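Please read them with the structure open beside you.

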Amino acid sequence: MRPRKVPLRKCVACQEMKPKKELIRVVRTPEEEVLIDLTGKKAGRGAYLCGKVSCFKLAKKSRALDRALKQTVGNEIYDQLEQDFISVEEQFLANKELISDEDE
Ligand SMILES: [Zn+2]
């Protein structure tokens, strides 16, 4: 029996390494939009955050997404993302159990 490899990603806010399914991906699309990507499959540069609003708030305070996405993220974008984050959090937690570790 060989151990299953769980892909780890780092939360850009608290810097913790976690399995991908514990994290919410934020993506900068080729159109330079910054969006929450629950599917984890959108094209573009991605940054990961724990699925907790507290980590989003930390990222907002430290402007961690600016650095991770290599783009200046405006305050209004952070505000919009924060609202989106809150609204997807519940869905994210509900879906988490259904997402496979073996997606790559
Ligand atoms: Zn975190």
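1. In this predicted model, α1 and α3 pack at an angle of about 170°, with their axes 10 Å apart; axes are lines fitted to C-alpha atoms, for helices over the stretch in contact, and angles run from 0 to 180 degrees between N-to-C directions. The two helices α1 and α3 are therefore roughly antiparallel to each other, a label used for angles over 145 degrees.

2. On the α1 side the contact is made by V53, F56 and K60, and on the α3 side by Y78, E82, F85, I86 and E89, where contact means that the C-beta atoms of two residues, placed from the backbone, lie within 7 Å. These residues divide into five nonpolar, no polar and three charged, with Val, Phe, Tyr and Ile among those counted as nonpolar and Lys and Glu among those counted as charged.

3. Which residues of α3 are buried? They are Y78, L81 and F85, buried meaning that 20 or more other C-beta atoms lie within 10 Å of a residue's own. What covers them includes β3 (23–28), β4 (34–37) and α1 (53–62).

4. Helix α3, which spans residues 75–96, bends by about 40° at V88, the bend being the angle between axes fitted to the seven residues ending there and the seven starting there.

5. The chain has three helices and five strands, which are DSSP runs (H or I, at least four residues, for helices; E, at least two, for strands) numbered from the N terminus.

6. Residues are numbered from 1 along each chain as its sequence is written. Local features need pLDDT of at least 70, side-chain atom pairs count only at pLDDT 80 or more, and totals for chains, interfaces and linings use all residues.

How values were computed. Buried ≥ 20, exposed ≤ 12 C-beta atoms within 10 Å, placed from the backbone. Parallel < 35°, antiparallel > 145°, perpendicular 65-115°, else oblique.
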